[in-house]
Amino acid sequence: MKSGNRAIVIALILALYAITTIGFYATAVTTVTLYPSKDSYAWESVPDANNGKSDNFEITSYADHNMRGWVEFNTSSIPADAWIMTAQLRLRLWQKTTDSPPYGDSTGRVYGVYEITEPWGEMTVTWAHQPQYTDLHHSTSTVPTEQGGWYAPIVLMSWDITDVMIDWQHGTPNYGLVVRDTQENATLLYSTQFFTHDQVPNETYFPRLVVTYVNPIGVYILAVLIGLESLLLAMWIRRHRSSSANSTPLTRHAESKG
């Protein structure tokens, strides 16, 4: 195959690949951001208190004063047959304790997210009456060095909950997530507050679940595009071979001398 023809083939393959990739992402891959249907947190030291309408979501580790948070998202807008690629829980940090005894610097604390296994109510959940959860597919994230605030900067913590989201897609009831320090009952008080979806200016403060998934209909379109690619390439190659076979040895010799 001549170098010019080879370049044409490579360009054709790259062009078809680009068309296929763009078509795939345009029709198959979707990213959605979901906001909570409810969120709350509770104190171990006040076991019957409920904080369902608080503007903060506090996670604390301290002996007999631990705090946990709960958040739930309505995921029904995601097609039941969708193929989950990634799912991330993101919480916007408000403020955290610093190194000033009896407080400890929360930077570097590891917070875990766990799948809740029973219903709970935003206005009824308390430390004494909190829902059960499983550590299967749990995810962890480290408290960052930055300090957040009401106006700036925007600091987010993220947890990969892809496996939990896949569980929900496969029929496991979605009762939301619990967030807690993975090492509770610390000797110093380590605490981090996040914004909730209540009593805050707008959605930039809200907890959020960011899900990227593949819509099966897009995969079918991708298969059609790949089939067209293969057909066009096969036709081009067959035509090129036919053209080469029909040329006479004398003609090919003359072409090579030219």
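**View 1. Surroundings of threonine 196.** Leaving aside neighbours within four places in sequence, threonine 196 is in contact (heavy atoms within 4.5 Å) with Asp39, Ser54, Asp55, Asn56, Phe57, Tyr205, Phe206 and Pro207. The model is predicted: local features need pLDDT of at least 70, side-chain atom pairs count only at pLDDT 80 or more, and totals for chains, interfaces and linings use all residues. Residues are numbered from 1 along each chain as its sequence is written, and side-chain values use heavy atoms, with hydrogens and water left out. Threonine 196 is found in the loop between strands E10 (190-195) and E11 (208-214); strands are DSSP runs of at least two residues, numbered from the N terminus. Its side chain reaches the backbone oxygen of serine 54 at 2.7 Å. Threonine 196 counts as buried (under 20% relative accessible area) because its relative accessibility is 2%.

**View 2. The pair of tryptophan 159 and phenylalanine 194.** The structure holds eleven aromatic pairs (ring centres of Phe, Tyr or the six-membered ring of Trp within 6.5 Å; planes under 30 degrees apart are stacked, over 60 edge-to-face, the rest tilted). Tryptophan 159 lies in strand E8 (residues 156-160) and phenylalanine 194 in strand E10, so the pair ties together parts 35 residues apart in sequence.

**View 3. Tyrosine 205 and its partners.** The ring centres of phenylalanine 195 and tyrosine 205 are 4.9 Å apart and their planes stand at 85°, so this pair is edge-to-face. Both residues, phenylalanine 195 and tyrosine 205, are buried.

Technical notes:
Helices (H or I, at least four residues) and strands (E, at least two) are DSSP runs, numbered from the N terminus. Buried means under 20% relative accessible area, exposed over 50%, partly exposed in between (1.4 Å probe, protein chains only). A polar contact is a pair of N or O atoms within 3.5 Å; within protein, one must be able to donate a hydrogen and the other to accept it, and residues adjacent in sequence count only if both atoms are side-chain atoms.
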